[in-house]
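I want to see what lines each of them.

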Amino acid sequence: MRPTICGAILSALLFATRPYADVRWFEDITAAARITAVHRSRAFENRYAEILGGNTALGAAAAVADFDRDGFEDIFLTSSSADGKNVLYRNNGDLTFTDVAARAGVADGNDRVNASADALWFDYNNDSAPDLFVVRFGRSQLFRNLGNGRFEEVTHAAGLTGYLNAVAAVAFDYDRDGFVDLFVGSYFAPIDLFDPPTPRFFPESLETANNGGGVIVFRNRGNGTFADVTKRVGLEMGGWTLDLGHADADNDGDEDLYVACDFGTDRFFVNNGDGTFTDLTERAIGIDTKKGMNAEWGDFDGDGRLDVYVTNITDDFMREGNFLWRNNGDLTFTDVSRETGTFETGWAWGAQFFDYDNDGWLDLYVMNGWVSAGPESYAPDILAMIVQPNVDLADVRNWPPMKGKSLSGYQHKRLFRNVAGGSFVEEAARHGLDSIRDGRGIGVADFDNDGRQDLIVSNANAAPFLYRNVAPRRHWIELVLRAPRVNRLAIGAQVRVTVGDRTLLRFVNGGNGFEGQSTTRVHAGLGDAREADRIEIRWPDGTRQHFDRVAADQIYEIEQGDALTRFTAQRAQHAY
């Protein structure tokens with residue numbers, strides 16, 4: 001074993017056996033933070049309502065961004081009921097939050113023919129103010145950030161019309177023209193779910209369905225409008241998309257795409273660098289028949305290559321298991337979930353890499369639980385349906401109603417501590433993160449600017465959780481990147497932080513993770529090191545910058561080409 005890994009393992013063991021090792025490292029501060037929103041699922045009113053209600057228990061999303069640019073990360077949470085309001089929690093800077101959604105103009109995301117399912121912050125017009133895309137069953141919404149605490153809906157003006165029936169979206173600059181593009185993951189095909197013209201709109205197969213909504217690619221024209229270029233870029237598909245995750249898998253400077261699909265194989269597309277993608281699924285990861293829910297990228301083993309964590313279903317009646325795809329460096333991946341202890345979690349949803357103990361290794365938090373309701377299980381009803389000869393699964397009328405039954409409900413969440421990149425140890429109960437609410441999305445951010453990464457967790461048909469990280473102090477660095485010559489929020493930028501004989505790879509992603517979006521700040525835990533020996537930034541346009549001997553325990557901001565400066569949070573002057 002390499003000396004560096006041996007040393008890291010020894011350090012991790014010593015840290016875990018200190019006197020405070022049994023103390024909880026997260027505090028539930030939801031009530032104290034004045035976060036009171038409760039997600040409610042959509043109750044359909046059409047003739048298929050009893051089926052749709054149980055099979056669409058989605059829509060509880062949490063998205064993080066500093067929308068008012070005051071130096072404190074804010075939170076957007078969705079609800080899905082017809083009269084439900086989405087909430088925008090402005091961070092007051094003291095670990096309390098105020099809902100300003102109504103005044104900002106972003107509360108109304110639900111009505112008779114639309115249901116909020118996800119949310120994405122991205123700067124589509126390059127003015128450095130995060131804009132908001134509300135992903136919906138039905139037609140989605142785009143809100144332009146006016147920079148004064150208010151938003152203007154510009155969906156039609158931007159050309160984002162039509163039925164998307166989406167549950168996922170990410171934004172990145174696939175063609176490197178300086179403007180981030182919008183990738184939407186659609187679950188159902190583009191029909192009116194609230195008044196379906198046909199009963200045949202469910203998946204045609206539990207393993208190979210190809211009659212879903214697929215992926216829609218909207219190219220940013222740079223003038224405030226988008227063009228649907230899905231076919232042109234080579235991403236036409238009919239999968240039941242649940243999540244999208246982008247990263248530079250081959251370190252060639254452009255962003256590649258992983259598509260997590262329910263009822264059929266996931267897909268991996270490599271960016272050709274000419275505005276098109278090639279489907280490398282069979283060669284890269286193979287063809288699977290699992291139920292992909294989440295696509296999260298991060299360098300978990302510290303080898304300088306970005307890996308992928310994909311959640312699937314692992315329960316008494318379906319033993320699929322998650323994927324932890326280790327990047328082999330040649331556009332192929334090897335699943336090491338069993339070896340690392342991250343294979344089995346339950347009916348899994350959102351998952352995020354983050355370094356909760358600031359030791360420099362990426363840990364992993366996983367949401368679980370589908371529908372927690374009555375004591376009877378819905379699984380036998382499903383089994384009875386699928387064993388019928390010649391059953392037409394696409395016909396919604398053949399699916400049994402749930403009628404208050406549970407399906408993989410009341411499951412504990414999982415927190416995996418990374419032990420030097422070789423294995424993970426499950427510690428959710430120890431740190432108070434093992435709730436049995438039906439978890440969906442995760443947003444990671446340093447909400448109090450203390451260098452420890454906190455969590456906002458969304459739950460279906462329940463209140464969210466805001467967890468404050470109170471782990472014992474270790475050293476860290478955070479970077480706020482700005483790229484005035486390309487996409488302003490520097491989506492796709494890679495940062496390599498060298499500490500001793502280790503180099504940590506982090507990158508700025510544009511919304512990876514099922515129904516969750518984390519901060520665009522780059523965070524690196526430094527362990528016991530009081531400075532980073534070197535920080536190298538590869539900007540989205542390919543240019544590089546480096547800084548030597550950077551002091552720890554600071555938030556820095558940098559505009560491309562300029563020096564590092566210490567970041568100062570300031571209260572916004574908008575009238576709230």
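I begin with the second largest pocket, whose lining has 13 nonpolar, 10 polar and eight charged residues. I count Ala, Val, Leu, Ile, Met, Phe, Trp, Tyr, Cys and Pro as nonpolar, Asp, Glu, Lys and Arg as charged, and the others, Gly among them, as polar.

The model is predicted, so local features need pLDDT of at least 70 and side-chain atom pairs count only at 80 or more, while totals for chains, interfaces and linings use all residues. I number residues from 1 along each chain as its sequence is written, and side-chain values use heavy atoms, without hydrogens and water.

A pocket here is an open set of points on a 1 Å grid over the protein atoms alone, where a 1.4 Å probe fits, with protein on both sides within 12 Å along at least five of seven lines; lining residues have an atom within 4 Å of a point.

I looked up the 31 lining residues of the second largest pocket; Asp 66, Val 480, Arg 482, Leu 489 and Thr 520 lie nearest its centre. β2 (62-65), β6 (115-122) and β31 (475-482) each give two or more residues to this lining. β31 gives the largest share, three residues. Strands are DSSP runs of E, at least two residues, and helices are runs of H or I, at least four, numbered from the N terminus.

Next I turned to the largest pocket, at about 540 Å³. Its volume is the space filled by probe spheres set on the points, which are joined across faces, edges and corners. Of its 27 lining residues, Phe 263, Met 318, Trp 347, Ile 382 and Trp 399 are closest to the centre. I noted 23 nonpolar, one polar and three charged residues in that lining. α8 supplies the largest share, four residues.
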